[in-house]
Every structure is written in structure tokens, then in C-alpha cells.
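Please open the model in your viewer and keep the selection panel at hand.

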Amino acid sequence: MPAAIDPTYFPIPSVATEKNPLAPRIWPGISPESTTALREALTENQKKHHVFFNFRGFHNHIPHTLLTLWALGADASIIRKTFEENSKDQRDAFVSPNPITKENWKDYLGDENYYQAYLEFFKAEVIAKDVSAILEEYIFSASANVGAGDNHPAMLNRLLAGLFHPLIHVGLGVEFAVPGVLAEGLAQIAVHKAESPTLFPPSIFSEGGAVESLVSQFASKVGLGDKGVTGKGLHAFTILARVLANPALAPVELKNPMGFYKENLDNSAETIVKYVDEWIGGGDNLQDKVKELIWLSSLIYGVGGFEGSDKPFNADFFNVTSYIKPSSQVLLLKGYLSLTLVWYIARHRYPIDIARFFNDESLLHPTPPGAHPTPHAEAYPSASSPHAVTPEPWLAIIQSTLTHPDDHISKLQRALADYSSRFGSIPKGEFAGTELKDAELIDGSLFVRAAGLSTARLGWVREGQPPLGADSPVPVVWDRRGLGLPPVSDLYPARK
């Protein structure tokens, strides 16, 4: 029997694109039945499950996956099946040792035993306050990040920890205007470890704000003193080029196979902070910087994972700004880029062979395997054309994605599809002015190429292919090769 919907915390989702023009769109296919199934599952998940599904701090993905599937137009039966299967891996919720209050909310940060107490605390906050006020108070303010001595709340650090999962959770709560998911995300931040203290020194939260401090630094570097600053920072591709060219940022030899992030963070943090400080200048439009992050992340994943059509694509597992004031946007964007680059280095700093990727025309039009329809003689452009069989590759990709058992691929393909709809018309030459080798070859086909490779690697399941890792006893299908990591069975528990 599904849980009764909690309408206060799990209303019908909506996307306020007028608030954030870069918010992903919702696909057609939503129905009253799929919406009811989503809200029931989200309500039940919050009542029954902890935010971590194992004792290593690995994340409960249920809200991420269900909201994404719903936004892609999944049928109610798919939403219910996804919830049923993902629920098998979850830990049960449990009562915290004591309540969290306004007075003690900083006292138990990083302790997962207090997740339920933090959840109840933030459920009250998200109903009582505006989203912007909550984000500023509990994530971006100096008081939420800097404490006495070495005891820092470090909430921005926690937001971006764990491969950005707290950011994803909070971001989905904000994007879909679902208070219950937002409260879960805030509680997850509170019980997460602060993994990257060297990337978030207390000085960046000093009086004056990130924007003013950043502008001052920029002016000093270019010799402007106190003059007005209108210059722009370096492009993210130029930052990536410098990371690739710097021998000091080569991935370190691991003493501990599971310490690949921390060991590479210790080695690279100082240099990464310097690079990222050059990324945003006083004359930059922050929306443009968000777009640069979109292109950078997609390039690292798609091009970095492509070793040629004759080799398997490396679908590497490891690889909300309109609601916050500009100074906080700068903090978030700089933090996101910093962690993206450290993770890229930690994941072996894969070569970015742009020419090989964009010169391979076979990646331009992903086509599902198996039996195909036979176009009528009058079909455009011709009955024999592959474009008559698969006139829109994204429809085929999303169809297969909706039926895939993995709980990550839907998020990836929704993001890539949205980027393609926004930036697919970008021609070659757009990025010629950056320092990244062959950047002039990059165009808007990046996203469909990466999506097609991902579907081929993880399996066209709707078309009959098994998902990657179908014979594995654990629910993991993404690549983790490159650094000699332990088997996934050592990281994930077997299904109950």
C-alpha cells in the first residue's frame, strides 16, 4: 500500500523557468497517474529511508531518479518499479539522539546519526522561510562556514562534497519546488563530511563578500588599483588547458586506492585555487560562467572517456544560482569548478583528444540496435536514409533511458538533452580563443555524441541489450577503471 501523499512537503512539482532561465525543461508525457506515483514514492522514501544507503556515506538516489524520470515523461509503472527496486538497497530511517534546534544546529554537523533530527529542523525552516533566505543563511553566509578556532561549520564545503550529491539533492528541491526534497538536501549537507577544507579557506567568507574580494584581487593582478574593473576572467577551457599542461598536477601514485580524491586534493589544491581565482573577473556575466561549466563538464566526461570507435567508451562514474545573491553565486561557481578539476585530476587526468572525438562522424547520429521500422517510400528524406529510421536520436536515447535500471543515467541524459536543445546550434570556432588544444573543433554536437556513447556503453535496454554489469551481484554499472580501484563489491553492499 503506497504511503499517503504529504501535500505540504510533496506538492505537484513545477519548474520556475522564469526564475532561472537555465533550468532544464520538462518533457511531454507527464500524467496525473505518473504525478501521483511520484508524490507517493517521495513521501514514502522520506518516512522510511535514511539519506545514506550504506555506512560509507553513499547516497540515497531515490528523489534524484524519480524526479528526473517524471520530468522525462516516464509512465507511473516505471516510477513505481524504480522506487521498488531502489528501496531494496536503502537503510531504514531511525530516530536521532536528540532534536536539532536553532541554538544547536551547528553542534552535530557531520554526524549521520542526526539526519532525522536535521530533517525535521529543516522541514520547519523550508515552510517558514523563502528559499533564497534559507540558502543564504545555512549555506553561503560567513556564520554558516566560519567558526571559532578550527571548528568551522563549513556548509558550502559540505554542499559540494560527496561527488556533488548534496548539491544535486538541494538543487532538485529548488528546481521542482518540492519543500520535502529541499529539506532532505539541507539535512544531507548537515550530516555530510567537509571533504575539501583547502578549497574553502575561511578568508573567502570575510567581510566584504566574495564579489568585492574577487574584484579587488583582479584589479591588483592587472595593475588597476582601485579603478573600476570591467575585465573578464579566463575561459574555463583555458583553465582546463593549464591543468593538462602542468606536470605538478599529474595524478599522484596512490598509497590508498580509496584515497584517490583526498591524496590528489592535497597535491593540487593550492594550484587549483590559483587557477580558479583567474576564472571569474569583474566584467563577467555569471550566467555565462554557468554555461562554461556546462561545456567543461560535458567535455571532460564525453571527450575524456572516448578512446576511439574501436574501444569501449569509458562512462566514468566519478567524473540553482538564480536563488542566491551574486557574491554567493561566485562562491558556488568557484567551488564547483575547483572540485570538478580536482576530481578530473584524481580520475587520472584523462587526455582530452578533441580532434579524435569531433572528427569521428559515426558519433553524430546515434541509432539504436535491433529491428528497425521500414519507412514508406514517401518518407523524408528518403526511404533508405538512416534519418528516416531515426530522425531524432534524442527520442530514441530517452526512450531507452526511461527503461534502464540504473539510477544515474536518467540524470545524465536529461542534462545532456537539455544542453543539446540550448547549445546544439553552436558552430565550430566558438571556442577558438581559448588555450585548449583543438578547441576550435568543438561544436554543439558534443552533447548528442556523449549521450549516444553513454547509451551504447550502459546498454540499449529497451532494444534488448543487457545493462552494463548485468551479471554483477551489486547494482553498479558505470566504469571505474583507470586507477586500480577495488572491486565494486567492496564498495557497495549486495542487494537485500
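Begin by selecting helix α2 (residues 62-71) together with helix α17 (residues 409-423); in this predicted model, their axes come within 9 Å and cross at roughly 45°. The two helices, α2 and α17, are therefore oblique to each other. The crossing in which α2 passes α17 is left-handed.

Next, display the side chains at this contact. On the α2 side are H64, T65, T68, L69 and A71, which meet S410, K411 and R414 of α17. By class, the residues of the contact of α2 with α17 comprise two nonpolar, four polar and two charged.

Now turn to the largest nonpolar core, which has 126 residues. Which residues have the most contacts inside this core? They are Y118, L156 and L299. To see the helix that gives the most to this core, select α13 (residues 326-346), which supplies eleven residues.

Centre the view on Y118. Not counting residues up to four places away in sequence, Y118 touches I100, W105, Y108 and L109, as well as A187, A190 and V191.

Finally, move to A250, located in the loop between α10 (236-245) and α11 (260-277). Apart from neighbours within four places in sequence, A250 is in contact with N264, N267 and R349.

Definitions and conventions: Residues numbered from 1 in each chain as written. Predicted model: local features only at pLDDT ≥ 70, side-chain atom pairs only at ≥ 80, totals over all residues. Heavy atoms only, no water. Axes fitted to C-alpha atoms, helices over the stretch in contact; angles between N-to-C directions. Helix = DSSP H or I, 4+ residues; strand = E, 2+ residues; numbered from the N terminus. Parallel < 35°, antiparallel > 145°, perpendicular 65-115°, else oblique. Left-handed = near helix turned anticlockwise from the far one by under 90°. Contact = heavy atoms within 4.5 Å. Nonpolar A, V, L, I, M, F, W, Y, C, P; charged D, E, K, R; others polar. Core = buried A, V, L, I, M, F, W, Y, C linked by side-chain atoms within 4.5 Å. Buried < 20%, exposed > 50% of the residue type's maximum accessible area, 1.4 Å probe, protein only.
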